Every structure is written in structure tokens, then in C-alpha cells.
Amino acid sequence: MKTVQLKTNSREQTIAFGRLIGQSLPPGTVVCLEGDLGAGKTALTVGLAKGLGIRRPVSSPTFTLLIEHEAGERGIPLYHFDVYRLADGESFLELGFEEYIGDSGICVIEWSSRVREVLPAASLEIELRFADPEQPDTRELKLSWQGHEDWLAKLAADWVSGAGSATIAKEEQ
Ligand code: ADP
Ligand code: MG
């Protein structure tokens with residue numbers, strides 16, 4: 001599967017990349033975010049909300065599991081989950097969260113691997129990693145999205161032409 005890989009060198013740059021995603025992400029998309037504590041999952045979501053034209057502040061749903069944001073300029077609501085505290089997909093379903101999946105809003109799910117089995121197979125997957133202990137503000141991002149390779153390629157091209165750098169890597173499967 002084709003993946004897009006890039007680095008950001010500051011929180012602001014991760015937010016800028018999130019904004020670019022939010023500017024063209026189709027309604028109804030589920031975004032799976034993976035990465036350790038402090039990797040930048042919430043920062044990326046802050047940017048994504050900006051790209052959707054949502055003006056209210058986006059904070060972490062760590063304690064509430066879900067924060068709903070009303071639609072902004074793009075007319076698409078954002079459902080921001082942090083499912084770190086959930087044991088499995090069953091708990092996700094018990095809380096009635098499946099009604100958000102398949103809604104025309106965009107679902108962003110931090111720590112998605114906890115509940116991955118109840119999320120659509122073809123979700124936008126974004127992994128954030130600390131790049132190097134000597135570069136504490138650098139993160140490596142890896143994106144994949146089954147069936148949406150063209151969208152990913154355009155995103156990478158837009159990022160390269162605007163700010164930062166991205167490389168498209170073909171992964172063997
Ligand atoms: P998570 O939601 O993955 O736990 P947060 O977005 O809440 O992560 O926090 C990321 C932390 O890392 C913030 O304190 C932010 O300032 C810092 N940071 C440093 N460099 C970056 C970067 N390149 N991208 C995102 N955050 C960064
Ligand atoms: Mg977070």
C-alpha cells in the first residue's frame with residue numbers, strides 16, 4: 001500500500017499539516033491516530049479543526065472520551081475521540097459511539113488501535129512518532145488510506161509545495 005511519510009519540526013508545523021488535511025478531507029471520514037503520549041495527536045487535530053473552519057478551541061478529550069465540535073466553514077462537524085481508557089471495541093459500541101461512525105461528520109480517534117476492530121477498514125491512518133531523542137521537537141508522520149491513494153498523493157504534493165517536505169514511499173505488501 002502507498003504511504004506518505006513526512007517530518008514536522010514543531011507543534012506549529014504539525015498544526016499546519018493538520019490544517020491542510022482538514023481543508024480537503026471528505027465528510028464522513030474516520031481518522032485513526034496512533035502514537036505515544038505527547039506524539040502530537042491532539043496537535044494534529046487542532047490543525048484539522050482549523051482546516052474545517054472550526055473556530056472554537058480544540059482541547060484533548062482525555063477525560064470525556066469525546067468532544068463534539070459544531071460544523072464550521074466547511075459545514076462538517078468534528079467528533080474528536082480519545083479512547084485511551086477503553087479496553088476494546090465492545091466498550092466503544094456500548095457507549096453508543098458507532099452512531100458517530102458513518103455520520104457525515106469527521107471522526108478523529110486518538111489511540112484508535114484500542115477499538116480498531118469496530119472502525120471501518122478503510123479509514124485514514126496516521127501514525128506519529130518521536131523521531132530522535134536529540135531532536136525533541138521533530139515528529140515522523142506516516143499516513144495511509146486504502147482506496148484513497150490519489151487524495152494522499154495530492155495532500156503530499158500540496159504539503160511539499162507549501163511547507164516542509166514529504167516523500168511518497170511505496171511499501172511492499
Ligand atoms: P498527544 O495527543 O499525542 O498526546 P499532544 O498533541 O497533546 O500529543 O502533545 C504534543 C506535545 O509535543 C506538545 O507539548 C507539543 O508542544 C510538543 N511538540 C513538540 N514538537 C512537536 C511536533 N513536531 N508536533 C507536535 N507536537 C510537538
Ligand atoms: Mg492527545
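Modeller: Helices (H or I, at least four residues) and strands (E, at least two) are DSSP runs, numbered from the N terminus. This is a predicted model, where local features need pLDDT of at least 70 and side-chain atom pairs count only at pLDDT 80 or more, while totals for chains, interfaces and linings use all residues. Residues are numbered from 1 along each chain as its sequence is written, chains are lettered from A and ligands numbered from 1 in the order in which they are written, and side-chain values use heavy atoms, without hydrogens and water.

Biologist: What gives the most to the shell around ligand 1?
Modeller: Helix 2 does, with three residues. A residue is near a molecule if one of its heavy atoms lies within 4 Å of it. Around ligand 1 there are 16 residues, and Thr 14, Gly 38, Lys 41, Thr 42 and Ala 43 come nearest.

Biologist: What makes the pair of Thr 14 and ligand 1 a polar contact?
Modeller: A polar side-chain atom of Thr 14 lies 2.6 Å from a nitrogen atom of the ligand. A polar contact is a pair of N or O atoms within 3.5 Å (within protein, one must be able to donate a hydrogen and the other to accept it, and residues adjacent in sequence count only if both atoms are side-chain atoms), so this pair qualifies. Polar backbone atoms take part too: that of Gly 38 is 2.8 Å from an oxygen atom of ligand 1, and that of Asp 137 is 2.9 Å from a nitrogen atom of ligand 1. The protein buries 75% of the 570 Å² that ligand 1 exposes when taken alone. Two or more residues of the shell come from each of helix 1 (11-24), helix 2 and strand 7 (135-144).

Biologist: Why are Thr 42 and Glu 110 called donors of the magnesium ion?
Modeller: Donors are N, O and S atoms within 2.8 Å of the metal (3.2 Å for Na, K and Ca), and water is not among the atoms, so sites may look incomplete. Thr 42 (OG1) and Glu 110 (OE) lie 2.2 Å from the ion, ligand 2, so they meet the cut-off. Thr 42 is in helix 2 (residues 41-51) and Glu 110 in strand 5 (residues 106-110), so the pair ties together parts 68 residues apart in sequence.

Biologist: Why is Glu 110 called buried?
Modeller: Buried means under 20% relative accessible area, exposed over 50%, and partly exposed in between (1.4 Å probe, protein chains only). Glu 110 has 2%, so the label is buried. Ile 54, in the loop between helix 2 and strand 3 (66-69), is buried too at 8%. Ser 161 of helix 4 (residues 149-162) counts as exposed at 62%.

Biologist: How do you know that strand 2 pairs with strand 5?
Modeller: Two strands pair if DSSP finds at least two bridges between them. Four bridges join strand 2 to strand 5, so the two pair, and they run parallel. In one of them, Val 30 has Cys 107 as its partner. Strand 6 (residues 124-132) is also parallel to strand 2, with four bridges, and there Val 31 has Leu 124 as its partner.

Biologist: What makes the phi of Trp 111 worth a look?
Modeller: Most residues other than glycine have a negative phi. Trp 111, in the loop between strand 5 and strand 6, has a positive phi of about 60°. Leu 65 also has a positive phi, near 70°, and lies in the loop between helix 2 and strand 3.

Conventions
Areas by Shrake-Rupley, 256 points an atom, 1.4 Å probe, with all protein chains shown as cover.
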